[in-house]
Amino acid sequence: MEEFAKNMLKNPINKLVFSESEDVFLVGGYIRDHIIKGAQSKDLDFVAIKNIRPLVNKVSERLSGTVIELRQEHMIRICLKNGATIDFSKMLGDIKEDLGKRDFTMNSIAWSPQTGLIDPYCGLSDIKHKTIRAVCEPNMRNDPLRLLRAYRFSGELRFEIEENTRKIIKKMVDFIK
């Protein structure tokens, strides 16, 4: 795990964000892609326990990024000239609750230097077994694009969509418009 932490902090954006706040977690696809491919994605997602605005202001100023407010005071994106995006969201409940609102178990993993990896939905196991599994049905209903993302991930990563997730997608196919 010490090697994982070193790899996470090799990314200058991660290093900057964690130097500015201890109340923040790296979540989702960046962690997934690092585990699968050893790659550093240009898209980073952070969730913060406290108000995200001061952290966004500090990070955007240091990186000369453009700030775009996606949901007032709840989700803010910083766009960098190199094409990287950094999303900051206000945490919903505690970290386990927040991860429980995500699409797939492989994206429901968090990390911070203080806590290490947090994997309440067994996303690491699903990555190991090349499985795409929905966290829960309501999450898929809340954002029907997630239904399509399952197939995109399956094609890109060569992962299998597990049976219950396929059933959820089939049941909700009419939500895609």
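Reader: How many helices and strands does the protein chain have?

Author: Good place to start! This is a predicted model, and its protein chain has nine helices and nine strands.

Reader: How do I read the radius of gyration of the protein chain?

Author: The idea is to set the value beside what a globule rule gives for that length. Here the radius of gyration is 16 Å, close to the 16 Å the rule gives for 177 residues, so the chain is as compact as a globular protein of that length. The C-alpha trace spans about 45 × 35 × 30 Å along its principal axes.

Reader: What share of the contacts comes from residues 24 or more positions apart?

Author: Among contacts with a separation of 6 or more, such residues account for 57%.

Reader: Is Asn7 buried or exposed?

Author: A residue counts as buried when its relative accessible area is under 20%. Asn7 has 18% relative accessibility, so Asn7 counts as buried. You will find Asn7 in helix 1, residues 2-10. Leaving aside residues up to four places away in sequence, Asn7 touches His34 and Gln40. Across the protein chain, 45% of the 177 residues count as buried.

Reader: And the surface: which residues make the nonpolar patch of about 340 Å²?

Author: That patch is made by Leu145, Leu148, Val173 and Ile176. Take Val173, in the segment after helix 9 (163-171). Its relative accessibility is 46%, so Val173 counts as partly exposed.

Note on methods: Residues are numbered from 1 along each chain as its sequence is written. This is a predicted model: local features need pLDDT of at least 70, side-chain atom pairs count only at pLDDT 80 or more; totals for chains, interfaces and linings use all residues. Side-chain values use heavy atoms; hydrogens and water are left out. Helices (H or I, at least four residues) and strands (E, at least two) are DSSP runs, numbered from the N terminus. Buried means under 20% relative accessible area, exposed over 50%, partly exposed in between (1.4 Å probe, protein chains only). Contact means heavy atoms within 4.5 Å. Patches are made of residues with over 30% relative accessible area and no salt bridge: like charges are joined within 9 Å, nonpolar side chains (Val, Leu, Ile, Met, Phe, Trp, Tyr) within 5 Å. Accessible areas come from the Shrake-Rupley method with a 1.4 Å probe; for residues, only the protein chains shown count as cover. A salt bridge is a side-chain nitrogen of Lys or Arg within 4 Å of a carboxyl oxygen of Asp or Glu. The radius of gyration is taken over C-alpha atoms; the globule rule is 2.2 Å times the number of residues to the power 0.38.
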